[in-house]
Amino acid sequence: MRQAMIFAAGLGTRLKPITDTMPKALVPVSGKPLLWHVVMKLKQEGFERIIVNVHHFAQQIIDYLQANDNFGLDIRISDESGKLLETGGGIRKALPLFERDQPILIHNVDILSNVNLQALYDRPYPRHADAALLVSQRKTKRYLLFDQSDCLVGWTNIETHEVKSPYPEFGYSQMLAFSGIHVIMPELCSLMHTWPERFPIIDFYLHHCSETDIRCVVKEDLQLLDVGKLETLEAAEDFIAHQLDKSSTR
């Protein structure tokens, strides 16, 4: 059984004033909420169980899913109404809702892409590695750093020159941009018990990458749009129209 988690608990502050009255997950693009687009993509690619975490206007998301009979899927809610737990804390809270012997695909609700999620989930080495992070060579301010074996060794912000790594000295051969999509093995999450209630998953990966096997998966032709700002909503309409055009000509 393929299983996934959609991060839908964020405040969506960059999408104000729209998110003053609704959660980011329900912001419409091409007439459908962002959450619908991600759920449909997962459903089409064979995912059966989906965990959705909620916080900001949580009941609106719960009501939306119930009104649509969970789109015929096993969709469960990880309720963070009391406290937003960030990405790492959110995964840890949701763990009891997953099968513990299968990988978990993690997907941000505001990401649209051309990624074959089924292929990413089913490829051999996420099942042997502790985590696999989907990355590309797109330009950004913040990069994950990987060695020649595709193993995570650090992170950097090229504007501030900040670097994070568990290694006192390290070299890297690849500087790649994270997509917000990754696959994690539940066993790796056992290391989360010493972490605070709230923490980012990337900080967790960086802290433990020297003692675990955290790899990158590079997608050369990645088309990805982060629908996190008002100015990206129009681009999102165009992105979806382009993806539909490609599907109709296959």
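First, the ground rules. Residues are numbered from 1 along each chain as its sequence is written, and side-chain values use heavy atoms, with hydrogens and water left out. Because the model is predicted, local features need pLDDT of at least 70 and side-chain atom pairs count only at pLDDT 80 or more, while totals for chains, interfaces and linings use all residues.

Overall build. The protein has seven helices and 14 strands; these are DSSP runs numbered from the N terminus, helices being H or I with at least four residues and strands E with at least two. Its radius of gyration is 18 Å, close to the 18 Å that the globule rule gives for 250 residues, so the protein is as compact as a globular protein of that length. That radius is taken over C-alpha atoms, and the rule is 2.2 Å times the number of residues to the power 0.38. Along the principal axes, the C-alpha atoms fill a box of roughly 50 × 40 × 35 Å. Of the 250 residues, 50% count as buried, where buried means under 20% relative accessible area, exposed over 50%, and partly exposed in between, with a 1.4 Å probe and protein chains only.

Now the rings. A search of the whole structure finds seven aromatic pairs. Rings of Phe, Tyr and Trp (its six-membered ring) pair if their centres lie within 6.5 Å; planes under 30 degrees apart count as stacked, over 60 as edge-to-face and the rest as tilted.

Phenylalanine 47 lies in strand 4 (residues 47-54) and tyrosine 121 in helix 4 (residues 117-122), so the pair ties together parts 74 residues apart in sequence. Both residues are buried.

Another pair, tryptophan 195 with phenylalanine 199, is tilted, at 5.0 Å and 40°. Tryptophan 195 counts as buried because its relative accessibility is 17%, and phenylalanine 199 because its value is 2%.

Last, the surface. Which residues make the nonpolar surface patch of about 270 Å²? They are Ile158, Tyr172 and Met175. Patch residues have over 30% relative accessible area and no salt bridge; like charges are joined within 9 Å, nonpolar side chains (Val, Leu, Ile, Met, Phe, Trp, Tyr) within 5 Å. Areas come from the Shrake-Rupley method with a 1.4 Å probe, and for residues only the protein chains shown count as cover. A salt bridge is a side-chain nitrogen of Lys or Arg within 4 Å of a carboxyl oxygen of Asp or Glu. Methionine 175 lies in strand 12 (residues 174-184) and is partly exposed, at 35%.
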